[in-house]
Amino acid sequence: MPVAASAIYFLNLRGDVLINRLYRDDVGGNMVDAFRTHIMQTKELGTCPVRQIGGCSFFYMRISNVYIVIVVSSNANVACAFKFVVEAVSLFKSYFGGTFDEDAIRNNFVLIYELLDEILDFGYPQNLSPEILKLYITQEGVRSPFSSKPVDRPVPNATLQVTGAVGWRREGLVYKKNEVFLDIVESVNLLMSSKGSVLRCDVTGKILMKCFLSGMPDLKLGLNDKIGLEKESQIKSRPTKSGKTIELDDVTFHQCVNLTRFNSEKTVSFVPPDGEFELMKYRITEGVNLPFRVLPTIKELGRTRMEVNVKVKSVFGAKMFALGVVVKIPVPKQTAKVNFQVTSGRAKYNPSIDCLVWKIRKFPGQTEPTLSAEVELISTITEKKSWTRPPIQMEFQVPMFTASGLRVRFLKVWEKSGYNTVEWVRYITKAGSYEVRC
Amino acid sequence: MFTQFGATSESLSKASTMMFRIGTDAHLYDDPDDVSIVPLLDSKFDSEKCEALKRLLALIAQGFDVSSYFPQVVKNVASQSLEVKKLVYLYLLHYAEKRPNEALLSINYFQKDLGDLNPLVRAWALRTMAGIRLHVIAPIILVAVGKCARDPSVYVRKCAANALPKLHDLRLEEHSASIEEIVGILLNDNSPGVVGAAAAAFASICPNNLSLIGRHYKRLCETLPDVEEWGQIVLVGILLRYAVAKHGLVEGSIMISSRSLVKYNSEREDLEPCLARKENPDDISSEICSEIADVVSRSYLEGPEKYLSQLSCMDKNPSSMDISHFTSSKSNDDVKILLQCTSPLLWSHNSAVVLAAAGVHWIMAPKEDIKKIVKPLLFLLRSSNASKYVVLCNIQVFAKAMPSLFVPHFEDFFVSSLDSYQVKALKLEILSSIATCSSISAIFLEFQDYIRDQDRRFAADTVAAIGLCSQRLPDVAKTCLEGLLALALSESSNGDFASADEEAVLVQAINSIKTIIKQDPPSHEKVIVYLVRSLDSIWAPAARAMIIWMVGEYNNVGGVIPKILPTLFKYLAGRFTLEAVETKLQILNACTKVLLRAKGEDLSILRKIVGYLFELAKCDFSYDVRDRARILKNLLSHRIGSPYLEEVKDQPEIEDLAHVLTESIFGGQTKPPSCEPLSYRFYLPGSLSQIVLHAAPGYEPLPEPHSLIYDESCNISTDVQGIKTSGVGVAHNEPNENDDSEAVSGSSDEENTSDYSSQESMSGSSESGGSGSASDVNDNAGPLIHLSDADLTHRNRVEVSEENDASGSNGVDELMSKRDLESWLDENPGLNQNSLDLGHVQRSLARISIKDFGGLVKPKSYTLLDPANGNGLSVDYTFSSEVSSISPLLVCLHVSFRNCSKEPMSDILLFEEESNRSPDSSDQSVSESSPVSRSEVPTLVPMEEIANLEPGHTLKRILQVRFQHHLLHLKLVLGCNGRKHLVKLRPDIGYFVKPLPMDIEEFSNKESHLPGMFEYIRRCTFTDHISELNDKYESSLVKDNFLLICEKMALKMLSNANLFLVSVDMPVACQP
């Protein structure tokens, strides 16, 4: 079943309609009112993204301060609808220069209407690739040459692209310097018990690519993943080189990657779109190198005092360092005063989130700074229930480190003209939800 | 501000546009009204026109009606500037329906744009034109779409594919054949982009015309990975339907596993559990839950509503499938290729594509291969919160039917603090259904954490999940019980100022304890005693009620409980007045049960207590409690020596009766939890229905396995055999689907709507079988075509007069001479009485007449009232071809009323709008029983009033309407709950038609009376059949192509529910 959206609305937080576009006449115009009264004004908001009211279904998502609502009257593919919204928002962001909020919508409402006309035809999602759409739907208006004398001129290049075989790349690109930038961004999700045993741990990574390549290049990416290497050694009939291999649990690829070839040969080969895009996402659950270990001890001394000791140990190479490390240690609501002692960085009590926030700007590897704090609590009468102790959360970024151990082995670029390319590779590991129970 | 300058000189205007470009459109959005728009629209500069149009768009966005500018805007469609054009298009699309007449003005420009060199212009023109949803221009659009479907540019072809659903949505029955034809062409396109859009069109136009897919199946599978992601989703669904319809279910897949295991006792039965055990040595229960799997597969095939209703009327209908119906993924190429081509999609970036591909594997892949969908599905849990919810809804079904899939991945379902409540609840449910002995300890550790969660509702759900786990895994019941008891105690300790949410945890804990005890009451005696002891601290009424119920239920279990009963009831009697109603009722019930079992001195004490309790209850505030006490007292009169005892004693048989009654009500121990009928509802993975758990409009279960019979040649020969042997009535049905390669169709080269006479000659070879005009044989077809001449050998000439009414489409009916039409139509009823067997039908005629095509053509449903406007009342109507019993002028409609709201509705009635009554029909009275003459036929025969409509129910009524042969809407009033809704009934010209047999002379006479009608002449020359005829002459004419053609033609016209005057001349030069 297709999405078959009957209407799409953009609302602000008050429920005012910013943009509305009706695609089919099977839903009435008063559908927004139904959404407002039955969803926005109730507690339900934000809990369940699919609601049915009087025969119509509403799929909604909140993006910054805007609600995007898709109204559907028949059986539709919900996953497809949400994916569409996500894709559409990233398209708008790329048009508006990175932001998508109420103001951006106001500033670009004409453009949004034009885009909505293009990306959702009669409720069916169409090509959402910004690279191509930008060729013929532009903010500056299509004052393209063919607008003046369409009959005499040959069909302009831009329109050929729309109709080309590769839906995401136009032909005839020329760069003086052919460069490829690869960013491997990993985020580590961790849930650790207070005793230091790992309850749940995985790494979700993505490979971001920025291409400035001329012509129609064919790229091939080699990683140190197990399946790919095994397959390669099978083909070349020689044993794999020693060194760490990674087992990628799950991968998803950008639509440019030839999936059939990945299925048969386990190689990632593709014709990249121009500019920046996300080549692949993967997940790894085994053999994760945790960059940090957190060892908390929290003692409740009577009803009004608490002692907090947290030791954070960096377990990556001594030459590397982490940036922007933030450790959030939760304390009870009735905290009155906190005295800190830290060996590195700065710490303070943030009452709005009920946490002790410990920030270390630059955190070298193989060190273990500690924080010790004395927390004074106000004793209250209703304080009968014990404090539930939410987990300690951590944020960080470690450049040139991958928690999964993934490395790019090669990136081959092949183009007819045979130019040379320069490849740049960066690695960075970030914290996803890095939580330690205490 | 800048515009004043702009209007003065050209240079300044250019400057002003420059200024506009620098800023954004925000100022236009915020006050679009600050300059007058009309002069800007009339300006000769494109930039000013653009600005005006942007202002209009801003007004539209903010919900103002700016349709008054329509004339000024429309003329700008002629602008050469693409940008102006685009904005005008946006405006047009928004208001075209409101201002149809002005919108028509733009059509010429669109047609001009369709010939533009720039594919973008062509595509946009087509898209906008198709978006103008006017019936009048539909034929023009159809022609344009047909042309664009052969455009050299991929983009234009894609737009053509997208325009098809829009056309279809206008409900142009007469054109549906050509629309489907174009779908077929586009499905065959070389470019994957077009195929994706064509798939979407197919799914919305003719999802059941699977024979169309069959022709391209292999190619579609192969292009699948290259189709753009949105198209992939649709295409995967279509291919799945085709594969099921063509090849049936796959042997060894989840869909038939349970049945084959149970029914055939094949070797697999022994084989598979072994396999499973090898994988999960510690686990028995995690193999496929066959019962649920069975429900799932049946739900997929039949739709849960139907399945559940079947379940209620017959306990288990043996499935009628036999093993030969199943196909194997190894031997069947089509299934193999489908699985092969969908498996790369599991790595797609798009979560919906992954889900769709997983759905195919779930249904079609053999069980041991399903594993490959698990990891991709789990990866989807990393996407946005909304998608996560959708994916979990689907995983939940997979996990329930086949827990073994997800058993090793239980950690993925651990709740994270960022999840929304719905997501958390789903994860808990999945966890409790995939827990195994090895993972349960880890899961319980995790649960302990959840119980401490701030969100008490979630904590309560966790407690319930613990109960479920312990039910599934009896080994852990003891641990669970201990934990739950501790929890109950700690929860009850802070019960003083507990809110409703807080209580929920406690109540749920007691409830879970109850379910555990139920499984084995004697061994848990101590727990009950313990709970009774803590009654003092447990304050939640629901929890107390449950504990008291347990005491009553298990009052003679073990040795301790009977001993504490008197004390307990003394305590309860003392507190009775303080209890909540719920608890009071439970106390009364419990004491009744106890009294029935009590012996010896306990009995006397209990009697006193119970008597006291009844006295108290008699004066209770709640009538429920009072009533319950009165009933119980009378029932128990023989046990408690009440004042009524004497009276009762006089009638010992009543006493006995009361005794037996009480015993049977309260005495019997409740049976151990029996297998309740599974009332889960399952829908196809990925559909909206699966998420909201009821069939959303338009939901269709999988097609019947093997419903698609594709082998065409044998099909036709059997048909002809049928014709030959029976000679009189041949049942041949082609449901509402059409083949594009049929001999009669081929409306490719119309240039203009007014000129429809084109000639085309075809060779008969395409028709006679090779290129595959698939026809379906349906078992329920009624006799459609009567052949009055069985003696085929002596026939020289076959004249088929398929007689129908004649009229054009909505758009052209003005063109015809109206008087002729009226006279023609009004003669129908008189002639209708003629018997079918007319004497003057010549011997050498094969006559095709229509009897009832209502059963053959699937009627189209129209909406009379949508639930959003009608406070939840949804009314749909379909036309039926039944002949009205009152007057032949009336058209019968089936109206179905559905209550979509939560409250029952009453007094639903459809009646005529008073003001609408035309003077000549105002004197009609309904009660006339004499044969009504034409002028006295009421416009609407009142329907039977629906007194009450329960929520979710659907009622059908037959409505008889006279449209007066007008194509105007009939305004009616729908009364419901005392409120009135104005509704419009849209006539369908196809149903004005009544069968009318006549001979040739009469026919040609009539024909001459109908000048200037839509004429559409096609000439086909067939040569093949003659040679075949000659060849097989001896073997008594195996194939009669004429008859086949006639049937096809008649069916085609009937399936369109369209009106034609058809005369077919078929001279046969058949000389051996």
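Reader: How many Å apart are the end C-alpha atoms of helix α22 (residues 351–364) of chain B, and what span should its 14 residues have?

Author: Helices here are DSSP runs of H or I with at least four residues, numbered from the N terminus. The expected span is 1.5 Å times one less than the number of residues, so for the 14 residues of α22 in chain B it should be 20 Å. That agrees with the model, where the end C-alpha atoms are apart by 20 Å.

Reader: What kind of model is this?

Author: Residues are numbered from 1 along each chain as its sequence is written, and chains are lettered from A in the order in which they are written. Local features need pLDDT of at least 70 and side-chain atom pairs count only at pLDDT 80 or more, while side-chain values use heavy atoms, because this model is predicted.

Reader: Is α22(B) mostly covered or exposed, and how many of its residues are buried?

Author: Buried means under 20% relative accessible area, with a 1.4 Å probe and protein chains only. By that rule α22(B) is mostly covered, and the buried count is 14 of its 14 residues.

Reader: Which residue of chain B forms a salt bridge with A:R437?

Author: A salt bridge needs a side-chain nitrogen of Lys or Arg within 4 Å of a carboxyl oxygen of Asp or Glu. Between chain B and chain A the count is 7. In one of them, the closest N and O atoms are 2.9 Å apart, and the partner of A:R437 is B:D449.

Note on methods. Helix = DSSP H or I, 4+ residues; strand = E, 2+ residues; numbered from the N terminus. Buried < 20%, exposed > 50% of the residue type's maximum accessible area, 1.4 Å probe, protein only.
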